[in-house]
Amino acid sequence: MREHEVPTHVQAEDKVLLWLTFPQIVAMVAVCAVSYGAYRYFPFGPSEFRLGIAVLLGVLGIAAVVGKVGGRGLPLVAADLLKFNLGARRYAGAPAQLVLSEAPAPVEVKPDPMRLLAKKAASGIGRAVKAARRRGRRPFRPHGWFGKRRAGHHQGTRGSRPGVNESRERKPWHKLLAVAGLLALTVLAVPGAVLADDPDDEERGWRLDEIYFVPPEPVPGRRIFIEQLSVSGNHADITLRAAHDLDLRVRAYGGRTGRTLRMGANGKLSAGQARSYNLSLDGPKPSFTFSWLDALGRTGAASLGSDQIPYPLPKADGGLCDLELTSLEWTPGRIAGVIASECVTEARQEIELPVYGGHFSRMIPALLDASVTGIAGRVSVAAGGHRTTAAFVAGGESRFILPVPEEKADHELEITADLTATLNVPLPPMLQTVHHPARTDVHRRTASLACGECSTSRTVTILVHHPEHVRAVETRRGSVTRIRAEAVTLAPIPDTGQVKTLGIGADDPYVILHVPPPTPEPPWAEQTTAGDSTWWGEPW
């Protein structure tokens, strides 16, 4: 009868009943108890309804206990699916870590003759053991070399063959010699293994070309280029052009910390093909990552940070006009933008207003309502040493184009609108004062008196005295024209409340990737006859 050894280090559960383990049996008993409890103690419904609920709970419970997908239990599979669908799926490291800065060094395997000799010796021992088994000899069992026997084996052997010579089992010298030979072979193989990693192996002659595939040299150059970056509102339009055939993955990150994956897209691009993506902008620090795998098997990534994306687009409130940068676009060689303005038609103007004139005069500062008759100005845009101006359109959209060099850079923009408004200020009526000195007016009148039958007349003199006084007369006045100048600067103000620099990133101009032709394989050596070979004649 053959003996079989069951290793104790195997992570395998014992099967108690059929293919069920003990925890599964306990879980099934618990499921049956819950199903019976639902049928027996469910608060409402007929017996058929309670029986259906019990059967449903039992089927689901037994499926969860016994069912497996790919060797894993259903609860573990469900937990993994929930974690995958509800959890964040993003690359936690920096995008620069995805780029292979240099080609991986090819692994050079240096053979070891001693190791080959040990391998051949081991195969010979295996063949010898198999041959011994075929001839009926005892198999190769190292656990019995040093007199260590299992109790059952010894008892069965001694009971069946009482006359066996035990001196041979007590002194297994031939087995010790075999073990010593294996140890010596291992010791001889160790220096060879060490020499295989020695850089001086070529000088010692330990070299045998066992790698027949030589990896190609990496092709330097850019694989992906950003040809357009346009931000409008909460969205960004990005145009990418591929310099080689590649699989592209686009990811947009945002959120409060700027590390939450908001959206993504995958696609295949051929050499020279361009594709535009409309990506959402979220949070104070949005960023984009473009990773690729080209047809040569190389991988890499490019990214746009929050300082290279002009978001949020700035706005400013002025006394005459409220300005907002509604669109900002970069293309190779230029930066274009649109500024929308909303201007007032009425304003208040402070002037020195005369309230009295003539004999008495007085002026007071007054804040009067005025109508805006016209607003004009210029928009100045600067990025480093490059500047441009554009005409300001009141109540409309002002467009500007700033020429920039075609190179990879981060442009910091300064946008300022210098406005001039013409105001028509109507003036209220003014009091005109006139001084009158003191005087006396003499008035003579003839008065007739009648008394009974007689009548008489007499001249009466009346003196009217006017003291010194000032008289005021209200007079109408026209309107005056005033000029108001104002400078409005556009700067983004994120949720933190701190003004930051308005910047936009620019990429290098597109250059196609030239892949060198593969190195031709050396031709096979062909043997040709030299001269006439008839002189060989017959061999025998």
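Let's start at Asp-282, which is partly exposed, with a relative accessible area of 29%. Keep in mind as you look around that this is a predicted model. Asp-282 has a salt-bridge partner, Arg-262, and the closest N and O atoms of the two are 3.1 Å apart. Arg-262 counts as partly exposed too, at 45% relative accessibility. Now check where the two sit: Asp-282 is in the loop between β9 (274-280) and β10, while Arg-262 is in strand β8, so to speak a link between distant parts of the chain, 20 residues apart.

Strands β8 and β10 both turn up again in a sheet. Which strands make up this open sheet, and in what order? Reading across, you get β8-β7-β10-β11, four strands with antiparallel pairing. At the edges are β8 (260-269) and β11 (299-304), each of which pairs on one side only. On average, neighbouring strands here are turned by 15° against each other, ignoring direction. Zoom in on β7 (residues 246-254) and β10 (residues 287-294): the two run antiparallel and are joined by eight bridges.

Arg-241 itself is partly exposed, with a relative accessible area of 22%. Another pair to look up is Asp-80 and Arg-72, whose side chains meet at 2.6 Å, N to O. Asp-80 is partly exposed at 38% relative accessible area, and Arg-72 is partly exposed at 36%.

Next, the cysteines. How many disulfides does a search of the whole structure find? The search turns up one. The disulfide is formed by Cys-321 and Cys-343, with their sulfur atoms 2.0 Å apart. Cys-321 lies in strand β13 (residues 321-331) and Cys-343 in strand β14 (residues 334-343), so the bond ties together parts that are 22 residues apart in sequence. The torsion about the S-S bond is about 105°, so this disulfide is right-handed. Are the two cysteines buried or exposed? Cys-321 is buried, at 0% relative accessible area, whereas Cys-343 counts as partly exposed at 22%.

With β15 (residues 346-358), β20 pairs in the parallel sense over three bridges, and Gly-357 has Gln-432 in β20 as its bridge partner. With β23 (residues 469-475), β20 runs antiparallel, joined by seven bridges.

Val-16, Leu-17, Leu-18, Trp-19, Phe-22 and Val-26 form a nonpolar patch on the surface, with about 690 Å² of accessible area together. Both β1 (15-17) and α1 (22-41) supply at least two residues of the patch. Trp-19 sits in the loop between β1 and β2 (20-21). Why does Trp-19 count as exposed? Because its relative accessibility is 57%, and exposed means over 50%.

Key
Residues numbered from 1 in each chain as written. Predicted model: local features only at pLDDT ≥ 70, side-chain atom pairs only at ≥ 80, totals over all residues. Heavy atoms only, no water. Pairing = 2+ DSSP bridges. Axes fitted to C-alpha atoms, helices over the stretch in contact; angles between N-to-C directions. Patch = residues over 30% accessible without salt bridge, like charges linked within 9 Å, V, L, I, M, F, W, Y side chains within 5 Å. Areas by Shrake-Rupley, 256 points an atom, 1.4 Å probe, with all protein chains shown as cover. Salt bridge = Lys/Arg side-chain N within 4 Å of Asp/Glu carboxyl O. Buried < 20%, exposed > 50% of the residue type's maximum accessible area, 1.4 Å probe, protein only. Disulfide = S-S within 2.5 Å.
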